[in-house]
Amino acid sequence: MKKNPAFLKEQLHLHFNTIFEKRLINEISKHGVYKTYEKNDLLIDIGVEMTHIPLIINGLVKISRENNNEHEILLYYLEEGDTCAISFANCIHQSKSMFRASAEEKVACIMFPVDKTEEWMIKFKTWRVFIIDSYHNRLEEMIGVINGLAFFKLDSRIYKYLTNQVKIRNSEDLLITHQEIANDLNSSRVVISRILKMLEQQGKLKLDRRKIHVHVS
């Protein structure tokens, strides 16, 4: 963890200069810390008291929840320029985290103290707009998850999941296992493998030993 205001200001100018006003960049530089996470590291876990919230500089973060049977389900991803909007509800109510945030690949972020969130909402218009936009985007993504669970068959959910992965990773070749897909969609590896084979027969993807090539129209 690196607390270096000059370095943080440089990173914020590179990634948030068109989003945040100068005074807000100075505030985040003053109170934030720069931190990196390796693949599969936890940024935030379920049931843990939150002290800091991430602003993503680069990398990919998976946000997920668990049901009563401890089965995990994917909610959405955070990318460069994102923050975790759900975190703010926890902070306002001073409750423990309702979700898990884990690194899908190496992640660099600026962690800022939760007690600054409300203060910045009052002081900085760009922060208010950023948080409202973040809530809106995350809400749309979660509604997509709910619709998928309620209205789509599993084969449609899997293909939509894969096409979303293509957009997020900017590649039609996905280095992802059948078990990882099963975990994200709260299914079993056997079922996922069977449906992937069916999707391959339909010409929607190609299965290789270590990757899935998705045909995106």
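Here is a short walk through the structure above, from its overall build to a few individual residues.

What you are looking at is a predicted model, in which local features need pLDDT of at least 70, side-chain atom pairs count only at pLDDT 80 or more, and totals for chains, interfaces and linings use all residues. Residues are numbered from 1 along each chain as its sequence is written, and side-chain values use heavy atoms, leaving out hydrogens and water.

Let us begin with the whole. The protein has eight helices and 10 strands; these are DSSP runs numbered from the N terminus, with helices being H or I of at least four residues and strands E of at least two. Its radius of gyration is 19 Å, close to the 17 Å that the globule rule gives for 217 residues, so the protein is as compact as a globular protein of that length. (That radius is taken over C-alpha atoms, and the rule is 2.2 Å times the number of residues to the power 0.38.) Along the principal axes, the C-alpha trace spans about 55 × 35 × 30 Å. Of the 217 residues, 43% count as buried, where buried means under 20% relative accessible area, exposed over 50% and partly exposed in between, with a 1.4 Å probe and protein chains only.

Angles under 35 degrees count as roughly parallel, over 145 as roughly antiparallel, 65 to 115 as roughly perpendicular and the rest as oblique.

Take α7 (residues 178–185) and α8 (residues 189–201), whose axes come within 8 Å and cross at roughly 110°. That makes α7 roughly perpendicular to α8. The crossing of α7 and α8 is right-handed, a term for the near helix being turned clockwise from the far one by less than a right angle, with anticlockwise giving left-handed. On the α7 side the contact is made by His 178, Gln 179, Ile 181 and Ala 182, and on the α8 side by Arg 189, Ile 192, Ser 193 and Leu 196. By class, this contact of α7 with α8 has four nonpolar, three polar and one charged residues. Here Ala, Val, Leu, Ile, Met, Phe, Trp, Tyr, Cys and Pro count as nonpolar, Asp, Glu, Lys and Arg as charged, and the others, Gly among them, as polar. In the loop between α7 and α8 you will find Asn 186, a residue other than glycine with a positive phi near 55°. Asn 186 counts as partly exposed, at 35% relative accessibility.

Helix α6 (residues 154–169) also meets α8: their axes come within 10 Å and cross at roughly 80°. The two helices are therefore roughly perpendicular to each other. Leu 154, Asp 155, Ile 158, Tyr 159 and Leu 162 of α6 touch Val 191, Ile 192, Ile 195, Leu 196, Met 198 and Leu 199 of α8. This contact of α6 with α8 divides into 10 nonpolar, no polar and one charged residues.

The remaining pairing to visit is α6 with α7, packed at an angle of about 110° with axes 11 Å apart. That makes α6 roughly perpendicular to α7. Arg 157, Ile 158, Tyr 161 and Leu 162 in α6 meet Glu 180, Ile 181, Asp 184 and Leu 185 in α7, a contact with five nonpolar, no polar and three charged residues.

Finally, look among the strands. Cys 109 lies in β7 (residues 107–113) and counts as buried at 0% relative accessibility. Leaving aside residues up to four places away in sequence, its contacts include Val 33, Tyr 34, Leu 43 and Ile 56. Cys 109 and Tyr 34 are 75 residues apart along the chain, yet their C-alpha atoms are separated by 5.9 Å. Val 33 itself lies in strand β1 (residues 33–37) and is buried, at 10% relative accessibility. In the loop between β1 and β2 sits Asn 40, which has a positive phi of about 80° although it is not a glycine. Asn 40 is exposed, with a relative accessible area of 57%.

Note on methods:
Axes are lines fitted to C-alpha atoms, for helices over the stretch in contact, and angles run from 0 to 180 degrees between N-to-C directions. Contact means heavy atoms within 4.5 Å.
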